[in-house]
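I opened this notebook to record what I looked up in one structure. The entries follow in the order in which I made them.

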Amino acid sequence: MASVETAAEHERILREIESTDTNCIGPTLRSVYDGRAHGLFVENLEGRIRNHDRDIEKMCNHHFQGFVDSITELLKVRGEAQKLKSQVTETNTKLQDDGKEILSTMDELMGCRIQQRNIVTTIEKLTRCLPVLQMYSKLQEQMKAKRYYPALRTLENLEQSCLPQAGEYRFCAIMAENIPRLRVQIRDVSMSELKDFLESIRKHSDKIGGAAMKQAQTQRSLNSAGMQQRGGSGRRVRKEPPSTELEGQSGSPLSEQDSGILDVEDEEDDGEEEVPGAQELVDYSPVYRCLHIYTVLGARDTFENYYRKQRRKQARLVLQPHSNMHETLEGYRRYFNQIVGFFVVEDQVLHTTQGLVNRAYLEELWDLALSKTIAALRTHSSYCTDPDLVLDLKNLIVLFADTLQGYGFTVNQLFDMLLEMRDQYGEILLKKWAVSFRQILDLDNYSPIPVSTPEEYHSITSQFPFQDPELDKSPFPKKLPFSEFVPRVYSQLKEFIYACLKFSEDLHLSSTEIDDMIRKSTNLLLTRTLSNCLQYAIKKKNVGLAELVQIIINTTHLEQSCHYLEEFISNITNVPPDTMNATKLYGTSTFKDARHTAEAGIYTKLNHKIDQFLQLADYDWMAVQGAGQASDYLSDLIAFLCSTFSVFTHLPGKAIEHGTLPGKVAQTACMSACKHLSTSLLQQLLEPDVRQVSMGALQQLNVDVKECERFARAGPVPGFQGDTLLLAFIDLRQLLDLFTQWDWSTYLADYGRPTCKYLRVNPHTALALLEKMKDTSRKNNMFSQFRKNERDKQKLIDTVVKQLRNLIASNQS
């Protein structure tokens with residue numbers, strides 16, 4: 001069964017091989033080899049091949065005669081074919097010869113058509129690419145010429161219009177790749193220009209501010225002369241905002257030059273006929289270009305923040321004063337010029353750009369500048385001691401304030417600070433005038449002014465308001481009652497008033513405020529500065545009595561001139577002196593105090609002179625009996641007092657070159673001298689060094705006191721009523737009478753009564769003197785005249801001492 005099936009399978013495979021395309025027998029043969037009887041299959045295959053070979057042989061034998069006949073006919077045809085070939089070759093040769101010219105013409109025509117097609121294609125492509133190349137060339141030229149804003153516009157057109165139309169070319173791809181870098185380059189270059197601009201205006205801000213302040217000063221001068229000129233000051237003539245022109249023709253900006261730097265290096269002073277405008281010194285095109293470039297790039301906020309941040313930093317630098325700014329006015333001027341220059345630039349930027357800076361930002365910077373400027377001025381002006389420098393500084397501050405006020409900034413705080421500086425200026429003036437007053441007082445000869453001619457008299461009276469009809473009638477030469485320092489001091493007072501008035505100018509103060517300020521400052525000058533100088537002059541060690549007398553006379557005349565000073569102030573301020581709430585001059589009290597001090601100095605000098613005479617006193621406190629006449633030192637002292645008071649009151653005596661004391665002062669001086677003399681004599685008697693006193697010494701002292709009383713009765717100074725001057729010696733007189741008369745019974749009996757004979761005798765003083773006499777009684781017979789009344793001398797004194805002590809104890813209880 002297996003062999004039959006295998007044979008059938010092989011038969012089937014053989015039929016497939018016979019009927020199937022040779023390309024598809026692979027799977028059939030594979031099935032044979034996959035089986036195990038491929039040998040048998042090979043045998044069957046060879047048998048099949050032999051069968052087909054026999055069939056072929058039979059068929060060939062059947063058709064062989066026909067094949068021979070065909071060969072015979074083919075051989076006949078070959079001859080004809082050779083002929084036809086010769087004809088074809090000959091014809092082909094002719095055709096080739098004839099077609100060579102045509103082929104050559106066709107090649108030329110084909111080349112021309114290809115060239116024409118290429119030209120058309122090239123023209124078409126160039127038509128698309130030329131605008132790109134032209135635009136790029138224009139861009140390169142603009143970049144080379146530093147016209148960055150139009151370059152940015154060209155770059156935008158190139159990117160949005162030209163490159164998309166040109167197609168995809170390598171150079172277009174390169175250009176497209178360069179566009180972001182070019183934008184960054186333009187941005188960086190414009191920012192670099194802006195930085196150069198900022199550095200330039202920082203460097204030259206003082207020149208910008210100087211031009212602005214000159215402009216304001218010129219306009220103020222014109223206004224003060226009554227001329228009205230528009231555009232001369234206040235809001236300056238500005239450049240037109242560039243925003244309307246930057247998008248004008250061909251997209252070019254207002255200024256395509258690479259300026260952006262101040263042109264102040266070439267500015268020269270051509271005189272005062274034409275003051276250049278501050279805005280004309282600056283080319284703001286770098287700001288405008290950079291602003292619009294950043295706006296186009298969509299980074300306007302970044303630019304605004306950067307600009308404001310940098311300007312804030314520059315503001316802090318500008319507002320930082322130099323350490324030695326207070327030494328010269330130029331230091332202050334440069335400081336103010338820098339600040340003005342800074343805000344002039346910002347004001348221009350505010351009005352020529354749209355939102356780069358706003359009013360709030362500018363006001364914030366101005367508030368910062370105002371506070372720092374005022375603080376710096378307060379600090380540095382406090383070091384200033386020159387009133388001229390302070391006055392120049394005040395004028396500079398006023399000009400600074402007026403300039404900035406013209407640009408719309410509020411400057412009220414500056415004028416408030418000037419009012420504070422006015423007080424400082426007044427203090428500096430007081431110090432300067434204190435030096436002047438001291439020099440005048442030190443150089444004065446303290447003698448009445450001699451005048452020999454009417455011209456000299458008029459010269460002095462024109463400086464000082466002096467009126468004396470009697471002196472006017474007297475012939476020349478004559479003497480004015482006051483010394484040189486009176487007209488000099490009066491002239492200095494007027495100069496001080498003028499100096500105060502100068503500071504008040506341009507402070508926008510009313511006449512009443514100026515008048516009040518001048519009067520208050522003059523009061524300070526009188527009550528503090530002049531008063532201290534007079535006190536200093538009076539209290540100097542080398543000042544004599546004559547000088548003190550002259551000072552009293554001088555201060556009297558200066559006091560009388562105060563109402564002339566008030567009239568003088570009213571005339572220069574146009575404020576009547578009787579205006580309500582008007583400040584009055586306090587010169588009366590100043591000169592009164594000086595006179596009182598001079599009077600006290602006279603009293604002190606007299607007392608000191610008396611002390612010098614008393615130092616010559618040489619009492620013998622143990623003398624048995626007095627000399628019977630006044631002591632030599634006391635006689636000399638009395639002679640000195642008589643001469644002195646005779647001179648001071650113009651009594652008959654030696655003529656002097658000084659004025660006379662007023663009667664009341666002379667009387668007070670005389671009374672003071674007598675009291676001091678009486679007190680000093682009593683003090684000598686009670687000195688601790690004087691331990692023992694004899695009755696003879698008391699008798700000598702009694703004689704000296706009587707000499708003093710004779711001087712008092714003689715009336716050395718007129719005006720005393722009765723024996724008023726004798727009261728200066730009453731204490732010493734009653735004490736000496738009590739001891740010389742030994743009237744203790746009366747003293748002890750009447751003590752405490754208003755009618756007591758020895759009312760001015762102090763029991764303590766009497767007890768101290770008794771103690772000194774107690775020891776003396778043991779050594780001499782000073783009480784011999786009392787032997788009849790008292791046996792025991794010592795008991796007598798002890799009894800009186802005991803009674804006095806009881807009396808003192810009872811008074812204390």
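**Entry 1**

I began with Glu709 and Arg733, whose side chains meet in a salt bridge at 2.9 Å, N to O (a side-chain nitrogen of Lys or Arg within 4 Å of a carboxyl oxygen of Asp or Glu). Glu709 lies in helix H22 and Arg733 in helix H23 (residues 730-741), so the pair ties together parts that are 24 residues apart in sequence. Helices here are DSSP runs of H or I with at least four residues, strands are runs of E with at least two, and both are numbered from the N terminus. I noted that Glu709 is buried, with a relative accessible area of 8%, and that Arg733 is buried at 12%. Buried means under 20% relative accessible area, exposed over 50%, and partly exposed in between, with a 1.4 Å probe and protein chains only.

I noted the terms of the record: the model is predicted, local features need pLDDT of at least 70, side-chain atom pairs count only at pLDDT 80 or more, and totals for chains, interfaces and linings use all residues. Residues are numbered from 1 along each chain as its sequence is written, and side-chain values use heavy atoms, with hydrogens and water left out.

**Entry 2: other salt bridges**

How many salt bridges does the structure hold? I found 22. In one of them, the side chains of Glu707 and Arg710 meet at 2.0 Å, N to O. These two residues are 3 apart in helix H22 (residues 695-713), a separation of about one helical turn. Arg710 is partly exposed, at 46% relative accessibility.

I then turned to Asp515 and Arg519, which form a salt bridge at 2.7 Å, N to O. Both lie in helix H16 (residues 511-539), 4 residues apart, and both are buried.

**Entry 3: aromatic rings**

I counted 27 aromatic pairs. Rings of Phe, Tyr and Trp (its six-membered ring) pair if their centres lie within 6.5 Å; planes under 30 degrees apart count as stacked, over 60 as edge-to-face and the rest as tilted. The ring centres of Tyr294 and Phe303 are 5.5 Å apart and the planes stand at 35°, so this pair is tilted. Tyr294 and Phe303 are both buried.

The rings of Trp366 and Phe409 also form a tilted pair, with centres 5.3 Å apart and planes at 45°. Trp366 belongs to helix H10 (residues 359-381) and Phe409 to the loop between helix H11 (387-406) and helix H12 (412-443), so the pair ties together parts 43 residues apart in sequence. Trp366 is buried at 1% relative accessible area, and Phe409 is buried at 2%.

I also recorded one aromatic cluster, formed by Phe739, Trp742, Trp744, Tyr747, Tyr751 and Tyr758.

**Entry 4: a buried methionine**

Is Met417 buried or exposed? At 2% relative accessibility, Met417 counts as buried. Met417 lies in helix H12. Leaving aside residues up to four places away in sequence, Met417 touches Ile374, Leu377, Arg378 and Ile397, where contact means heavy atoms within 4.5 Å. Met417 and Ala375 are 42 residues apart in sequence and 9.6 Å apart in space, C-alpha to C-alpha.

**Entry 5: the whole protein**

The protein has 26 helices and 2 strands. Of its 813 residues, 43% count as buried. Among contacts between residues at least 6 apart in sequence, 78% join residues at least 24 apart.
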